[in-house]
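Hi! Here is the structure I promised to pass on to you. Have a look at it first, then read my notes below.

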Amino acid sequence: MRLNISSVVLFVVASLLMGCKEESKIPKAEVPVAVVQEIKSPASASSALPHLMSNKDVALLSWVETSNDTISTMRFSELIDGEWQEAQNVLSDTDWFVNWADYPMITENNGYLWSHILKKSTEGTYSYDIKINVKPKGATVWKTDMPLHTDGTPTEHGFVSIVPYYNNFFVNWLDGRNTEENKAGERGAMTLRAGVVSVTGELLQEYELDARTCDCCQTTSAITDNGPVVIYRDRSDNEIRDISIVRQVEGEWTAPKVIHKDDWQIKGCPVNGPKVDALGNNLVVAWFTGASKKQKVQIAFSSDGGAEFTKPVIVAEGAIMGRVDVLWMNEDQAVVSWMEANDKTALFIAMNVHKDGTTSKKQLITEMADSRKSGFPQMEMVEETLYFAWTEQVGSVTQVRTAKMSIDAFSFN
């Protein structure tokens with residue numbers, strides 16, 4: 001449903017839930033009134049796959065627009081004085097792999113822009129490569145279509161996470177080079193790889209971080225005082241798919257370690273990755289699990305760069321769809337967002353969580369379609385304001401929408 005808002009609107013949850021069945025998993029009392037202000041979206045119709053990022057004084061939104069069902073264009077906009085500026089193009093083509101869960105991203109480091117898209121490498125359904133685009137500081141034209149990996153296998157490469165790293169970028173991804181069938185008819189596992197990319201698009205370092213991971217859950221990364229960390233959904237020989245972390249400490253990568261033993265045994269990929277944020281050596285991680293047939297969103301904290309984590313706080317359970325995001329508000333509090341099922345729609349919800357386990361009331365951001373076309377809602381913070389982006393679906397048409405909310409809207413009362 002579209003948010004018909006021109007300034008500040010009070011979302012009255014009772015009206016949202018009117019007519020829902022009595023067995024609805026979202027009691028009225030659990031979703032209070034939230035104050036949300038819509039921002040005019042820079043994205044046109046037939047847009048989807050939003051990605052939000054903020055870095056110091058720069059905040060960017062990227063997305064993909066499709067025309068004639070064949071041409072895909074990656075576009076972006078900068079947030080200035082609380083408003084999205086006129087959209088700019090990165091590049092267009094007809095041979096991209098466009099997927100609801102594996103979306104392009106943009107980031108910035110000291111005036112240098114970095115983005116990526118997924119490009120088909122053969123006619124195979126899941127045969128595609130990660131291509132890098134960079135825009136030097138002060139330049140007006142993007143340098144596009146540069147390779148991130150050079151293995152040359154007709155396999156899946158995607159689910160990227162990218163963060164500024166000193167004067168470069170730290171990037172990690174899921175890499176299917178070992179899944180190519182060999183002469184004996186055998187296939188290996190999906191791997192987790194990472195590297196350091198220069199602002200001009202050169203892969204300076206590359207690492208294999210885990211030799212067996214879940215195939216299609218998003219990865220997430222952050223830079224701590226000790227070095228980079230990557231959090232992802234792992235995969236054991238017994239099909240346990242819990243959330244693991246690898247850390248770079250004194251230049252060396254640690255072995256994968258499970259953050260919390262949910263013991264979620266599932267034979268297929270749930271397409272629901274974690275999110276992390278760092279503040280010095282303080283980490284906060286949010287994730288979805290369906291262990292023991294109980295769907296829930298959990299959040300855990302670390303004060304030592306991810307070596308150890310607190311016992312997870314359950315922030316939501318029941319008819320949970322996941323698709324989480326998480327951000328530090330300060331050293332003691334984080335805000336987490338997720339999607340919940342609500343009859344035939346979905347609710348995009350946020351909550352403030354204290355390190356001591358105290359949680360605020362839920363805040364409703366918007367009501368959404370409950371289909372895959374809704375994608376993964378985004379959340380970023382600039383100063384004292386939270387910014388949101390999501391994909392609205394009306395019939396078969398999708399469009400990226402944006403809104404903002406003061407962090408003061410959260411209440412622990």
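**What I found**

Leu209 is buried, with a relative accessible area of 8% (buried means under 20% relative accessible area, exposed over 50%, and partly exposed in between, using a 1.4 Å probe and protein chains only). Before you go further, keep in mind that this is a predicted model, where local features need pLDDT of at least 70 and side-chain atom pairs count only at pLDDT 80 or more, while totals for chains, interfaces and linings use all residues. Residues are numbered from 1 along each chain as its sequence is written, and side-chain values use heavy atoms, with hydrogens and water left out.

Back to Leu209: you'll find it in strand E15 (residues 203-210). Strands (E, at least two residues) and helices (H or I, at least four) are DSSP runs, numbered from the N terminus. Leaving aside residues up to four places away in sequence, Leu209 touches Leu192, Arg193, Ala194, Val230, Val246, Trp253 and Pro256 (contact means heavy atoms within 4.5 Å).

Most residues other than glycine have a negative phi. Glu239 isn't a glycine, yet its phi is positive, about 65 degrees. Glu383 also goes positive, at about 55 degrees. Which of these is buried and which is exposed? Glu239 is buried, with a relative accessible area of 16%, whereas Glu383 is exposed at 73%. Both sit in loops: Glu239 between strand E17 (228-233) and strand E18 (243-249), Glu383 between strand E29 (378-382) and strand E30 (385-394).

The largest pocket has a volume of about 1,300 Å³. Of its 47 lining residues, Ser54, Asn55, Pro164, Asp277 and Glu380 are the closest to its centre. On a 1 Å grid over the protein atoms alone, a pocket is an open set of points with protein on both sides within 12 Å along at least five of seven lines, and lining residues have an atom within 4 Å of a point. Points are joined across faces, edges and corners, and the volume is the space filled by probe spheres set on them. The lining splits into 27 nonpolar, 12 polar and 8 charged residues (Ala, Val, Leu, Ile, Met, Phe, Trp, Tyr, Cys and Pro count as nonpolar, Asp, Glu, Lys and Arg as charged, the others, Gly among them, as polar).

The second largest pocket holds about 400 Å³. Among its 15 lining residues, those closest to the centre are Ser46, Ala48, Thr66, Lys373 and Thr398. E3 gives the most to this lining, with 3 residues.

Key
1 Å grid on protein atoms, 1.4 Å probe; cavity = no way out; pocket = protein on both sides within 12 Å on 5 of 7 lines; lining within 4 Å.
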